[in-house]
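Thank you for making time for this.

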Amino acid sequence: MTDLTTLEADVLAQVAAAGDLAALDAVRVSALGKTGSISGLLKTLGAMSPDERKERGAAINVLRDRVQSALNDKKAALEAAALDARLASETLDLTLPAPHRRRGSVHPTMQTMDEMIAIFAEMGFAVAEGPDIEDDFHNFTALNFPEKHPAREMHDTFFFNPKESGERMLLRTHTSPVQVRTMVSQKPPIRIIAPGRTYRCDSDATHTPMFHQVEGLVIDKGIHMGHLKWTLETFIARFFETDAVTTQFRPHHFPFTEPSAEMDVQCDRSGGEIKIGQGTSWLEILGCGMVHPNVLRACGIDPDEYQGFAFGMGVDRLGMLKYGMPDLRDMFSSDGRWLDHYGFSAFAAPNAASGLS
Ligand code: DAH
């Protein structure tokens, strides 16, 4: 009969001698595996008398448990040693120069948009959004564009093929439809800006088929042109980072505002480059006005109770002016050299605390 004490000493010695996890597993299989030495002992129990089996069985079980626990301890020790060895070999020399990687940058349009959002957010405006693909109601009809009016053509609209119903969806020609969506879904007081992409079939040095606008809308009781003027002048001074800018409001026509105006800022064009806040020239910056009563009505707001002002401006254009880019088309030509030159660090998000640009 196999001597259990000798077998135990033998197996435990093998466990202690195992130098790695593979060797340890081989020991486990040779002792506790299906045909292992200890498993083999258990098979001999069947031929024994009950008393003998009881005594011998208990002793074999004790042996098996001891071996199993020795295997577990050794496994934990080998794993810890392997981890220590790995940690010791994987060192990182932090004094080495970082490898050169091409860094992405923030596109000037997005930088400009973020700056605008930061300024208006500080003034208490929320950001609203709407779809790029619009219907005629939101882009034109609710904004008081008369049916068949040339103003609809004025926007050089990209239309989709008509649906079966005859309705033609379109790429929004301005962000003004977000005004409509906001007024329909929210109760006044309303104070939102709507930044986003807009589309018109037009392309030259100052026009691209896709461009960006920021729309503004304020609806409350007793709103008047004075509120509009202060808001826009404050915005422009903050945006161009000057103490004060002189503005002028020229009467204009937009179907969705009455009265309507275009706002110009004083600038100097004498040096070949446009400088804001000085000089004797004027530069048109944006369109604005008091929300037309028909627009309020179309959105379920009573114009006798509520008034509002709205404005819309081109983000890319304002970015060009602020950062001195001569041609709007460069903005969207995906030229890496241009982006290297004009792009902004992704780590310097504009905000009121640390500055805009
Ligand atoms: N939607 C106008 C455009 O794209 C810009 C505009 C002008 C928006 C006056 C307004 C506004 O909200 O009041 O030409």
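When I speak of an axis, I mean a line fitted to C-alpha atoms, for helices over the stretch in contact, and the angles run from 0 to 180 degrees between N-to-C directions. Helices (H or I, at least four residues) and strands (E, at least two) are DSSP runs, numbered from the N terminus. Please keep in mind that this is a predicted model, in which local features need pLDDT of at least 70 and side-chain atom pairs count only at pLDDT 80 or more, while totals for chains, interfaces and linings use all residues. Residues are numbered from 1 along each chain as its sequence is written, and side-chain values use heavy atoms, with hydrogens and water left out.

The axes of helix 1, residues 4-17, and helix 2, residues 21-32, come within 8 Å and cross at roughly 160 degrees. That makes the two helices roughly antiparallel, on a scale where angles under 35 degrees count as roughly parallel, over 145 as roughly antiparallel, 65 to 115 as roughly perpendicular and the rest as oblique. Helix 1 passes helix 2 in a left-handed crossing, a term that applies if the near helix is turned anticlockwise from the far one by less than a right angle, with right-handed used if it is turned clockwise. Val11, Gln14 and Val15 of helix 1 meet Leu24, Val27, Ser30 and Ala31 of helix 2, where contact means heavy atoms within 4.5 Å.

Helix 2 also packs against helix 4, residues 50-89, at an angle of about 170 degrees and with the axes 10 Å apart. These two are therefore roughly antiparallel to each other as well. From helix 2 the contact involves Leu21, Leu24, Arg28 and Leu32, and from helix 4 the residues taking part include Arg64, Val67, Leu71 and Leu78.

Next, the aromatic rings. Rings of Phe, Tyr and Trp (its six-membered ring) pair if their centres lie within 6.5 Å, and planes under 30 degrees apart count as stacked, over 60 as edge-to-face and the rest as tilted. By this rule there are eleven aromatic pairs. One of them joins phenylalanine 120 and phenylalanine 125 edge-to-face, at 5.2 Å centre to centre and with 70 degrees between the planes. Both phenylalanine 120 and phenylalanine 125 are buried, where buried means under 20% relative accessible area, exposed over 50% and partly exposed in between, using a 1.4 Å probe and protein chains only. Another edge-to-face pair consists of tyrosine 323 and phenylalanine 344, at 4.8 Å centre to centre and 65 degrees between the planes. This pair links distant parts of the chain, since tyrosine 323 is in helix 11 (315-323) and phenylalanine 344 is in the segment after helix 12 (336-342), 21 residues apart. One aromatic cluster is formed by Phe120, Phe125, Phe235, Phe239, Phe240, Phe309 and Phe311. Lysine 322 lies over the face of phenylalanine 239, at 4.6 Å from the ring centre, a charge being over a ring if NZ of Lys or CZ of Arg is within 6 Å of the ring centre and within 35 degrees of the ring normal. Arginine 168 lies over the face of phenylalanine 159, at 3.8 Å from that ring centre.

Finally, the backbone. Most residues other than glycine have a negative phi, and most peptide bonds are trans. Here, a cis peptide bond joins proline 188 and proline 189, with omega about 0 degrees, and proline 189 is in the loop between helix 8 (177-185) and strand 4 (190-199). A cis peptide bond also joins glutamate 258 and proline 259, with omega about -5 degrees, and proline 259 is in strand 7, residues 257-268. Serine 334, although not a glycine, has a positive phi of about 55 degrees; serine 334 sits in the loop between helix 11 and helix 12 and is exposed, with a relative accessible area of 66%.
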